[in-house]
Amino acid sequence: MFKKPLRSSLPFPLTVRACLFLTAWTSLALSLHSGLMAQNQAMRAEASFSPPSITVSNGTTYKVVLFGTQETPQGAIPSIPGLTISNNPQVFRTASFRNGTPSVKMEMSFQVKPLKQGTFILPSWDLKVGSKTLRVPEASLQVLAPSQQDLIRLEREKQQREDLKQAAFIEFDAPRPFLFEGETIFATISLFLWDRLPVTRIEQAPVKIGDSFSMTELRQPNEKRNVRRNGKSYTVFSWPIGLTAAMAGDHDLSFKTSIRIRANNPRNSPFNSPFFNDPFFGFGREESLEILGPKQTIEVRALPMKGRPAGFQGAIGSFTSLSSIDVDRVSLGDPVRLTFELSGTGNFSAIPAPQISSDKQLKVGPPAFSFEGNQLTKHEGKQSFEYILTPLSAGLVEIPAIKFSYFDPLEERFLSTRTSAHPLRVDPGENWNSANPQPVVEGEVSNEDAVPTVDLFQTESDPGEWFPALQRKTLLENTNFWLLQLIPLVGFCSLSLLGFRRKTAGIEKQRQKENALLRQMKDSVGFKDAPALLRAFRDLLRLRIASLRKHPNPSSLSSEEILSLLRLGNNPEEIIQEARELLRSCDDQEFAGNELARQPLESLYRTSHGLLKKLK
Amino acid sequence: MRSFAFGILLYAFGANACALFADSQNRLFYDAVRAEASGDLDSAIEAYEGSAQVAHSANLHGNLANLYFKKEQFGRSILNYRKALILDPDHDDFSANLSFALEIAQVRSGDTDKPFVSFKASTLDLWTAALGVCFWSGLLLLSAFFFFRMDKVRTSIFLCLWLGILGFCSFGVIKAKEKHDLVGREVIVLGRIPGPSDANRSKAISLRRFAGSTSSANTSVIPGESLFLDLDDKGTARAHLSPDGRKWYLARSSNGRKRGWIRANEVGRILETGKE
C-alpha cells in the first residue's frame, strides 16, 4: 500500500501555516546565530572594479566585499589621480548557508568616474571592523579612449550646459568701468529669462555681492519682451539702481537672484533641470533656480587731493546751482526765504546743505531739504535747500552768494559754482503803536474786516531761547538761593563773634590794668611812696572815667578834662571837689617834688580809693 | 579696513539723520514760519502748537498770538501774548501787541500788571534778590559797626534806614508773590464753543450759577477777558465734572464782580501749574 505523504494529507491552510512557521524559525535562528556564524567564519576582504574596463566617458563601480562580518567598517579609500570615487557607497548585507555552514558578507559599492584614460591601480588599504583590521587587496581599472557614442553624448551635455546658462542670466550695465570713491552712478541690473523657460515668478530681486559698494533700494522692475540675444527670445526685467563706491581699490561686484520654475521629474535630467528634456515642461512641481551673474571687477579711484577746494563737502557729479529769494523788500524782522537749487547728476543723497553763516545783518535758520527727480536713485534731478533769513538791521542788505564745490568725474577735476548775491531792502517797519485802532463803542458790534492785522504784527523767524515750561522756579523755590544765604550768614556770625571777643578782651585788659594800678596804690602806702601812690591814682581815675565816658584815649586826659567828664556824669559836687583836691595833689607832687610827702599816705589812699568807688 | 570705512559711513549717516530729526521744536517752529510765509496760516498754527507741546519760547508764543490775531481768535491771541510776556517780560513788541489785541477784542486790560507795575509777577525774583542783598548787607554793616564800635547815633540812623529798606523790599516780595500766585490761577477766556444746534451767534460766554449747561447765567465774559480760578482747600483749581463729562471751573474776574462756572475748554490757563 502506498501511503500518501503526510504533508499532502494536511489541509492547505495548515500547510501554509507550517511553512510560515518553519520560515520564521529559520530566520530567527539565522539572526540569532549570525554573530556566532560571523565568529566562526574567518573575516576577509575582496575588492574589484565592475566592470574593470571602461571608456573615459563612462563610470564604473568599485566593489569591496567583506566576508565573515556585517559590522559597518571604518576606513578611507586612497585617492587616485584621474579617478573620482564617491564617498557614499551602497551597502548590501547577505547571510546564507553553504554546505551546512553559515556565511555572512557585506558588499559596498562606490561609484567611480574616470577623468582621463589609462590604467589605474587602487592599492591595498586597511579597513577597521570592530577591533580587527582587514586588508583590502588592490584593484585595477583600465580606462580606454572614448568611443564615438561617448563623444556625441559629451557634446550634448556641453550644449545643455550652455543652454542652461543662456536660459536665465543677469547682466549689469555700468556707464563706466571705473568709479570715484563716494561717487554715485546710475546703473541697471537686467535679468534675462528665455521665453521657453517655464518661469512662474521671480523669487527675489537681485542681491548685490560685494561689500565695497552700496546700492539703492530695488523696487518694481521694468519689463521688456521679445529681446533677441544668442539667437533666442528673452523677456528682460531691469532694475535701475544708484550705485555708490564706498572705498578705493579694485573691487568685485556681482549680482544673484532666484526664480521659480515649473519642473518635471528631476531624475530624468542629467543636470537636475528637467525642462530641457520636456518640450512642454509639464505641469509638475515648482523648483527654485538660482541665477548668479558674472563677477565684474570695478576700479574705484580715490578723489585727488590736488586742487581740492576748501569748501568741498563730498559732492561728486555734474551740477549747476541757482539761488533765489522770495521777496526783495521786507520790513525789519520779516522772514525771507532763500532757495538754493542744485541741478544735474551726482550723489545728491550725500550732499549736505551749503553753510550760510549768520552775521550782524542776517540771521540764518537751518535749511529745509527737498528733491525733485528719481527719489529712488537720487542720481539725477534737482535738490533744493530752503533757508529762512531774518534781517537784523534796516537798510540795503546783501544776501551773500553761495559757493558750491564738487568733483566732476568726467573731467576728473574739482569745479566750483557760485550763485549771484541778492540785494534785499529792509524797511525799518511801521511802529504800530502809532496806528489808530478802530474806535470801539460799548455794545456795538465791531467791523471785523476793519481789523488792521497786516502791518501791525511781525513774525519772528527765530525761536529764541527755549524753555521746557512756562512757569519757571522762582528764587524763593530755588534751593541754591537759600544755600547762598549761608555765605553772608557765616560772614555775619564771624564778624559778630570777632566783635564780641574784641570787646570782652578790652574789658578784661582794662580790669587787669585797674587791678595793677590799685595794687600799686596799696604797695605805695606800704613803701610810703607818695608820688607813686598819686601817679597810680591819677592813672586809675583816667581809666575809670574814660571807661565810663567812652573816651578813646584815657592817657591823654588832663586834670581839667577829667573833672569836666566827672561833671558830665552828674557826679555830686563833693566828689568833684574831692577829685579836684586829689588831682591838684597829684599835679603838685609831679611839679613840686616832695612837699606833700608829709601828708599821711594811709588817709590819702582811703580818700582816693573811696573816690574811685563813688565815680559814675 | 572695510569695516572701518563702513563704520565711518554709518556714523556719517547716523549723524546726518540725528541732525535732521533732532530738535523737533526747532523743526516745527521753522516749518510754521515757512507755512506762514506761504500764507498757510492753519498749518502754521498747527505747527506752532505742535512746537509748544514740546517746549516754549517767547517768539513762538508771540508768533502764535499774531496768527490767532490774524484769524481773529482774540482770546487765543491774548493768551499767547501773555505767555510770551511771561517768558520775556521786557519785550516791548509783545506788550504793545497785547494792548492792541485787548483793544481790538474790546477787553479792558486786566489789572494784574497795572496798579503796581513795579510789583508785577515777573519782578518777584528781583524783589527777592533785593531783599536778600539788603538784609545781609545791612546785617553785615551792623556787625561791622559793632566790631569797630561805631557810635550809637550813627548806628541807630543806619538801623532805621536799613529797616525801612527791608520793609519796602519785603512789601515788594509779598506783592509780587501775590501777583505771581494770581497769574498761576489766571485763565483767559478763549471763546464760545457752539453746539451743533446752537443758533446763538453771540461771542459772550456765560458764567453760570451752577456747573451745567442748563444753568442760568450769572453774568457773561468775552473772549480775551481775564478770569481767576477759585482754589479749593488743597490749593488746586476748584473744578466740577458734569455728568456729560465736561469739566467746569469756578472763576471770577479780578475785581470779583463777575463770578460763575465756566467750561474748561472755553478758557486757557496762562501757566500750566499741574495742580488740576
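Two residues are in contact if their C-beta atoms, placed from the backbone, lie within 7 Å. This is a predicted model, in which local features need pLDDT of at least 70, side-chain atom pairs count only at pLDDT 80 or more, and totals for chains, interfaces and linings use all residues. Residues are numbered from 1 along each chain as its sequence is written, while chains are lettered from A and ligands numbered from 1 in the order in which they are written.

**Nonpolar cores**

- A nonpolar core is a set of buried Ala, Val, Leu, Ile, Met, Phe, Trp, Tyr and Cys residues joined through C-beta atoms within 7 Å; buried means that 20 or more other C-beta atoms lie within 10 Å of the residue's own, placed from the backbone.
- The largest core has 101 residues, of which B:I78, B:A101, B:Y249 and B:A251 touch the most other members.
- Helix α5(B) gives the most to this core, with 8 residues; helices are DSSP runs of H or I, at least four residues, numbered from the N terminus.
- Leaving aside neighbours within four places in sequence, B:A251 is in contact with B:V187, B:L207, B:L227, B:F228, B:L229, B:D230 and B:I262.
- A second, separate core of 24 residues includes A:L533, A:L543, A:I545 and A:A579.

**Contact between the chains**

- Chain B brings 49 residues to the contact and chain A brings 44 residues.
- On the side of chain B that touches chain A, α7(B) gives the most, with 12 residues.

**Helices α3(B) and α4(B)**

- Residues of α3(B), among them B:L41, B:A44 and B:Y48, meet residues of α4(B), including B:L60, B:L64 and B:K70.

Technical notes: Helix = DSSP H or I, 4+ residues; strand = E, 2+ residues; numbered from the N terminus. Buried ≥ 20, exposed ≤ 12 C-beta atoms within 10 Å, placed from the backbone.
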